[in-house]
Amino acid sequence: MHLYHLSNLLLNSLIVLFYVPTAHLTYNPKYPCRSNRPTQWQRDPQNCSKYYFCIYGRPILMPACAHGQVWSQVGSACVEINSYWDDCELVASVPSTTVRSTNIRSTTTAQYTVPQTVPQTKLLATGNRITTTPSQPPPPKTTTTTEATTTSASTTEATTTPPTTMTKILTSTILTSTRNPKIPKDSPCLTQSGIIPHPKKCHLYYNCSLSSESALWAYYEMFTVECNYPQLFDSEQLRCREFLNNNCNGRFEPVDPCEYRRNQCLRSHCQPCSLRFGSCRGRPDGIYPQHEFSWTPKYFTCYYERAIAHDLCEPPIPIFSPIENQCVSYDMVPKEHGGLRPDCKIRANGHYADEMGRCNFYFQCDNAKFQGFHKCNYGFTFNPILKICQSPDQVPPPCGSGSPPSCVKRPDGFYADLAGRCSYYFECKQSVFKGFHKCSRSHAFNPYKHSCVRGIGSQIKPCGIQDNPCQNRLTGFYHYNSSSSQYYECHEGLFIHFGTCPNGQIFNLSSKQCEIAEMKDYCANKADGRYKHPRAECIAFLECKQHTTFRVAQCSDKLNGTRFNSLTRSCDQPQNICPPCGYKWFDCPSYIESTTKLS
């Protein structure tokens, strides 16, 4: 019986000796705030990476410091472990304590005297684990006197091992006998503990105190922790630190954000890493667009091949140019990328009117490249014909009151501005200029549709991105797609007009008029002059010039209107025209003679 009581007593002693130092370190006080001051920052006594904001003694738990950092009570901020401001040097001391333990089976009450001090301890914030590092050698063997009061009133003395030594023995036994079968066989945490550098990757390390049950291990190697970008893990200091002067000793050294696993997608509907971050690998120091060859507000800064900063361009220069590597205004962004920069590919060297219609602005092209905008002096307007700034009364419309564009030999219809101002167009009717019109904001004139359209995708170059049929063509009229009934007009490389002749007619490039198809060769053997139309008889006539049909015209077809007079070669009243087109009865040649040209 005495031997049984003695064994129970010894077992309880070992448990108490193992528990006491550890319990002091993991104890979480209910009220960490130690004063009633209005405000105070207070570090958690159990974990140096945690801290509280105290308001009149009431604690508010704040977000923990990042991995590798602790809260500095002096600096009132999170600082690197082992840095100058790291004041996490706490002495864990336990006063003389009486612990009473009752064994129900033996109805024994035992009293133990715990040592007055335990080794000085440094608390390290490593995840959820607190690593203790003795700063002085363990004390010599201590004899603990145990007084046991039992029902038989017997007294027993026992000699035990010091707490620190016993803790190591029991901890080693537990680690050896309770290995987790889920831990991979090649994991260094099977045989080691604490913080271990990764053998292959310089930005990873092992934290063997982490739980093997974490859901992260379905994606990552078990127990591995990653440094924040662009930090690397220092194998000598055993902490994450700046990448400069950090020797990876042959391990893989990542430089791009996408080479850090935390920036990779682990779920659906995640924007790919390459779109969220830029790459600096192989690039010299400087700034670059976040999206290669794209015109967006995003750009990043490279330093030693690391993307150390991501920024946004702001108005009035809201777009980052991948050509100039700087933030620019919309005037400097090409139209195909949503901007307003003029297109100089179809223009010769020189100065041109502003495409947006600003009358006092003009731009310069040189070697098919845009060279920038210029502004006339106050009160002056740019003259697109003379390529200089003048007073408005000397400048043609729409920016001035000078001579308008000519409508002679131009078919009726609408024409784009001859100077390339995208929002302006003019009207011709019966070879007379009728005036300028202006499209509403963000619209431009489309010669194909004879109207204003919205969006550069529906506009013709240089105002939009649709192909320009007049590119590299001289000024003049052309058949459209080899069709003799469709035509268009070009002016100094600009597409200004598109037309279609009525059914049965073709467009004559020489006369710049639509003609009846059968009359195409009517003037081949005739001298210059006017002839009665063989099909329209008295109403219409043909005009021949240089053996081609120069013009097809008609007299008034109203009741009692004019008819074509073959003798005078003009439209005249019926009473002045011989039969069959009129009813003049004297001085009339024969009908056959009246159908031929008179000299």
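Modeller: This is a predicted model. Start with Lys-335: leaving out residues up to four places away in sequence, Lys-335 touches Leu-340, Arg-341, Pro-342, Asp-343, Glu-355, Ile-456, Pro-462, Cys-463, Gly-464 and Ile-465.

Colleague: Where does Lys-335 sit?
Modeller: Lys-335 is in the loop that runs between β20 (326-328) and β21 (350-353).

Colleague: Is Lys-335 buried or exposed?
Modeller: Lys-335 counts as buried, because its relative accessibility is 8% and the cut-off for buried is under 20%.

Colleague: And which backbone oxygen lies 3.0 Å from a polar atom of the Lys-335 side chain?
Modeller: That of Arg-341. Arg-341 is also one of the residues that Lys-335 touches.

Colleague: Let's change topic. Which residues make up the largest nonpolar core?
Modeller: There are 12 residues in that core: Ile-346, Cys-407, Tyr-415, Ala-416, Leu-418, Tyr-425, Phe-426, Cys-428, Cys-439, Phe-445, Leu-494 and Ile-496.

Colleague: Which elements give two or more residues to this core?
Modeller: β26 (413-416), β27 (424-429) and β33 (494-500) do. The largest share is that of β27, with 3 residues.

Colleague: What does Cys-407 touch?
Modeller: Apart from residues up to four places away in sequence, Cys-407 touches Phe-426, Glu-427, Cys-428, Ser-431, Val-432 and Phe-433. Phe-426 and Cys-428 are listed in the core along with Cys-407.

Colleague: How many residues are in the second, separate core?
Modeller: The second core has 9 residues, including Ile-183, Cys-189, Tyr-220 and Phe-223.

Colleague: What about β2 and β3?
Modeller: β2 and strand β3 (residues 58-61) are paired in the antiparallel sense too, over 4 bridges. Here Cys-54 stands opposite Pro-59 in β3.

Colleague: Which residue takes a positive phi in the hairpin of β2 and β3?
Modeller: Tyr-56, with a phi near 50°. The hairpin has 2 residues between the strands.

Colleague: I keep seeing cysteines. How many disulfides does the structure hold?
Modeller: The structure holds 21 disulfides. One of them is formed by Cys-65 and Cys-78, with sulfur atoms 1.9 Å apart.

Colleague: Is the Cys-65 and Cys-78 disulfide left-handed or right-handed, and why?
Modeller: The disulfide is left-handed, because the torsion about the S-S bond is about -75°. Cys-65 is in the loop between β3 and β4 (69-72) and Cys-78 is in strand β5 (residues 77-80), so the link ties together parts 13 residues apart in sequence.

Colleague: Are those two cysteines buried or exposed?
Modeller: Cys-65 is buried, at a relative accessible area of 10%. Cys-78 has 27% relative accessibility, so Cys-78 counts as partly exposed.

Colleague: What does Cys-227 join to?
Modeller: A disulfide links Cys-227 to Cys-240, at an S to S distance of 2.0 Å. This link is left-handed, with -80° about the S-S bond. Cys-227 is in the loop between β13 (224-226) and β14 (232-234), whereas Cys-240 is in strand β15 (residues 239-241), 13 residues apart. Cys-227 is buried at 1% relative accessibility, and Cys-240 is buried with a relative accessible area of 8%.

Colleague: Next, which residue does Cys-578 pair with?
Modeller: With Cys-588, in a disulfide of 2.0 Å from S to S. The torsion about that S-S bond is about -85°, so the disulfide is left-handed. Both cysteines are in the loop between β40 (570-572) and α4 (591-594), 10 residues apart. Cys-578 counts as buried at 10% relative accessibility, while Cys-588 counts as partly exposed at 28%.

Colleague: Last, the whole chain. How many helices and strands?
Modeller: The chain has 4 helices and 40 strands. Of its 599 residues, 40% count as buried.

Note on methods: Residues are numbered from 1 along each chain as its sequence is written. This is a predicted model: local features need pLDDT of at least 70, side-chain atom pairs count only at pLDDT 80 or more; totals for chains, interfaces and linings use all residues. Side-chain values use heavy atoms; hydrogens and water are left out. Buried means under 20% relative accessible area, exposed over 50%, partly exposed in between (1.4 Å probe, protein chains only). A polar contact is a pair of N or O atoms within 3.5 Å; within protein, one must be able to donate a hydrogen and the other to accept it, and residues adjacent in sequence count only if both atoms are side-chain atoms. Contact means heavy atoms within 4.5 Å. A nonpolar core is a set of buried Ala, Val, Leu, Ile, Met, Phe, Trp, Tyr and Cys residues joined through side-chain atoms within 4.5 Å. Two strands pair if DSSP finds at least two bridges between them. A disulfide is a pair of cysteine sulfur atoms within 2.5 Å.
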